[in-house]
Each structure stands twice: as C-alpha cells, then as structure tokens.
Amino acid sequence: MTVAVYAYPWNFHELDADVARVRGLGAGEISLAASYHAGKFIQPGDPKARVWFPEDGTVYFRPRKAYGVVQPQVSALTTERDVLAELCARDDIAVNAWTVLLHNTRLGMLHPELTVRNAFGDAYPYSLCPSQRAVRAYAVTLCADLAENYRLKSLLLETPGFLTYGHGFHHEFAQVAPNVWLDAMLGLCFCQPCREGAKRAGIDADGLATRICNAVDTWLAGGPDQSLEDWNASDPDLAAFHRFRCDVVTSLVADIRAAVNPAVRVKVIATCQRPHATAYLEGHDLAALDAVSDGLELPLYQASPEAIVADGRYVLDLVSPSRTSVILRPGYPDMSREADLVAALEGLRDLGIGDFAFYNFGMLRATNLEWLRNALTRQVQYV
C-alpha cells in the first residue's frame, strides 16, 4: 500500500518538522501543488496564516524550458523559495507534482482567444481550451519541464480537458436554479478549433450550437426543464461531439506522456465531476485516458462510504485496480466520523485498490489528521 498526502507549498515552513508530520500520518509521499488556481482557504494548523489566498494561475516551480505563446507565471512564493526543489532533494519522502493544467484564469485573461467559448460565443477565462494548439504546447512543455528538472515520482494531471460551466470561477452568481442539463450545455466549447475539429469528424457543429442556444434561451425565458440524458440519446451530433471532445483530451494526455521523462509516471486525476460517470462532460474517456497514461487517480469525493465505494466500483469496471489510486477527504464535507474513513478504506481495498492519497495537509483539522493516522495504522495491519 502506498500513501500520499496532497499539500500546498505555502504550508511548508520548517521542512524537517513538516515532512516528519506527514510521515507521522503514515504517508510516504507528498503530492505538492506545482501549478494551481485561485482560492480562499481556511488553514486550521498553519502557524503563519489561518486564511490564505493563493495567487491565481501561477506555478510553484522554476521553469527552465522555452515556452511558446502561453508562458507560465511563477508565484512570488516560488521566486523567493522553491519548496518543490527542497522536497525533491530529500531522501525521506517521495514527491508527486500535482499539476493543474487548463483551469487557469490568469492565463485565460491574458489569452482570451485561447479559452473555451460556449455556444453563444461567450469566453470562459478560467478554462483554456485543449483544442487550441498554443494551449496544448503550453501543457506539454509544462509537464516535460517539471519532469526533466525535478526528481519526481509522478505527475498528477488535473483539468487536462474541458471544464464544465459550474467549475470554476470565483464568486459565481445566478438567479436561475442550477441543473445538470444547463451546466452541460453551457460547458460545451464551440471555439473555432473545436468547431473545425468537430466538422472534420463529420459533426454539424454549427447546427448543434444553434440548437443549444435556442434551447437554453427557451429555458432561461421560463420554459420547461430539459433532460441531459434525453438530449444525449436524441441528438446524434451531441453524442458525437462528446466523443470528439474525449478524443481531443486523450490525445493531449498521450502527447504529455510521450514528452515526459519515462522515469516519471503520468497519472490523470480522473474528473472534477461527481460521480465519475459524468467525466465525459470534461472530455474524459476514463478507459482511454488510462490507456495512454500510467493510470488514473480518482477523487472519490462522496457523502458516504457506500457512495465512495460505488463510485470506485464504477471506474474499476473500466480500468485495472493495479493502475488506479484514489483520493479521499477524511473530513468535511465527505466524512463526519472516523468510522466513515475506516469503512471507505476497507471497502476500496476489497475492490483491489492499494494506493491512496488524502486531501489536504494544510486544510484538515487536527482531529481529522488523527483519524487518518489511526485509520492508516489499522490498514497497515492488513497489508
């Protein structure tokens, strides 16, 4: 069994003591944010800041490669101190680079021509489009740069595809009730490269965009609710468009794997959706992504141990458990008691899962970290 803890570089102050704390939980790996977006985080145990606002759209490593149109923006924190390099220089902990790729508002604001555009033509600055050549070049170079210049065990790719409408700008606001169909329709990208690629695949992208615009406007005007399942089943262009988007994302991950040092694993954080059955809305074909990478890392962020295990079982019907790891949140909003964590771990181990990660070192309360320590001690007894 391997155990990793997700963490942010700004939570590492005294490295010897902080690494000892991570290892004391029963973890042998740190999955450190190497590229990240904005946020507002409560940090229960951080000695310097109880509330932290990370810089939007920055990287937490020092780039060395030559980039093209899209340039990584280095955080002020990393300009002063390269925490990733310090961790990678150690022999007592393995390091994974948790790499948020295309969810980047800062870069989207700098390059609006490279962002996702919905059927109405509205740009989403938080979402770089994986159909855009300059975006793909940025993602591939970023990953190759990290793997070449840092002693990493793995790259963990988050958001290599299309983001849904509901994920994720900051201070989102609407006076219409959210629903799955609207989120899906507004999340589809119809930028020029997406339209052209879809047309090459035999899809009437312009007609599909028009139908979506008409249906969304009808609903926004007070029309009846719509079913995503019905739309997927009844509109051949929409079903084909989902497949086209999956091909775009799969090919990007394949390009990254080809460009990255073979000694460094490339794993894909499977989705930002709940449950994993809806990952296709991001252009994620789970089996295809598994096939072109070194496996999937599943964020099983569900409200009960039963739901966690059920979501994991769904994915393991598509991919091998030997290549699959999971992320759990041992606290709010997923778990309200230590027994939930124990039950989830035991249920997942029964499915054949042996690699676990936990979110997040700087955000969990001391009580929840103690749950984790106890649960991992219990699991080790069975290994």
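Student: Is the crossing of α5 and α10 left-handed or right-handed?
Tutor: First, a word on what you're looking at: it's a predicted model, where local features need pLDDT of at least 70, side-chain atom pairs count only at pLDDT 80 or more, and totals for chains, interfaces and linings use all residues. Residues are numbered from 1 along each chain as its sequence is written, and side-chain values use heavy atoms, with hydrogens and water left out. Helices (H or I, at least four residues) and strands (E, at least two) are DSSP runs numbered from the N terminus, and a crossing is left-handed if the near helix is turned anticlockwise from the far one by less than a right angle, right-handed if clockwise. For α5 and α10, the crossing is right-handed.

Student: At roughly what angle do the axes of α5 and α10 cross?
Tutor: Axes are lines fitted to C-alpha atoms, for helices over the stretch in contact, and angles run from 0 to 180 degrees between N-to-C directions. The axes of α5 and α10 come within 9 Å, and they cross at roughly 35°.

Student: Why do α6 and α8 count as oblique to each other?
Tutor: Angles under 35 degrees count as roughly parallel, over 145 as roughly antiparallel, 65 to 115 as roughly perpendicular, and the rest as oblique. The axes of α6 (residues 180–187) and α8 (residues 205–220) come within 11 Å and cross at roughly 140°. That makes α6 and α8 oblique.

Student: Which residues of α8 does α6 meet?
Tutor: Contact here means heavy atoms within 4.5 Å. From the α6 side come Trp181, Leu182, Met185 and Leu186, and their partners in α8 are Ile212, Ala215, Val216 and Trp219.

Student: How many nonpolar residues are in the contact of α6 with α8?
Tutor: Ala, Val, Leu, Ile, Met, Phe, Trp, Tyr, Cys and Pro count as nonpolar, Asp, Glu, Lys and Arg as charged, and the others, Gly among them, as polar. This contact has no polar and no charged residues, and the nonpolar ones number eight.

Student: How many residues of α6 are buried?
Tutor: Buried means under 20% relative accessible area, exposed over 50%, partly exposed in between (1.4 Å probe, protein chains only). Of its eight residues, the buried ones number seven.

Student: Which residue caps the N-terminal end of α6?
Tutor: Look for a side-chain oxygen 3.2 Å from the backbone nitrogen of Trp181. The residue that supplies that oxygen is Asn179.

Student: How many charged residues are in the contact of α7 with α8?
Tutor: α7 (residues 192–200) packs against α8 at an angle of about 120°, with the axes 9 Å apart. Arg195, Ala198 and Lys199 in α7 meet Ala205, Asp206 and Ala209 in α8. By class that gives three nonpolar, no polar, and a charged count of three.

Student: With which side chain does the side chain of Asn11 make a polar contact?
Tutor: Asn11 sits in the loop between β1 (2–7) and α1 (15–24), and is buried at 4% relative accessibility. A polar contact is a pair of N or O atoms within 3.5 Å; within protein, one must be able to donate a hydrogen and the other to accept it, and residues adjacent in sequence count only if both atoms are side-chain atoms. At 2.8 Å, the partner of Asn11 is Asp46.

Student: Is Leu152 buried or exposed?
Tutor: Leu152 lies in the loop between α5 (133–149) and β9 (154–158). With a relative accessible area of 10%, Leu152 is buried.
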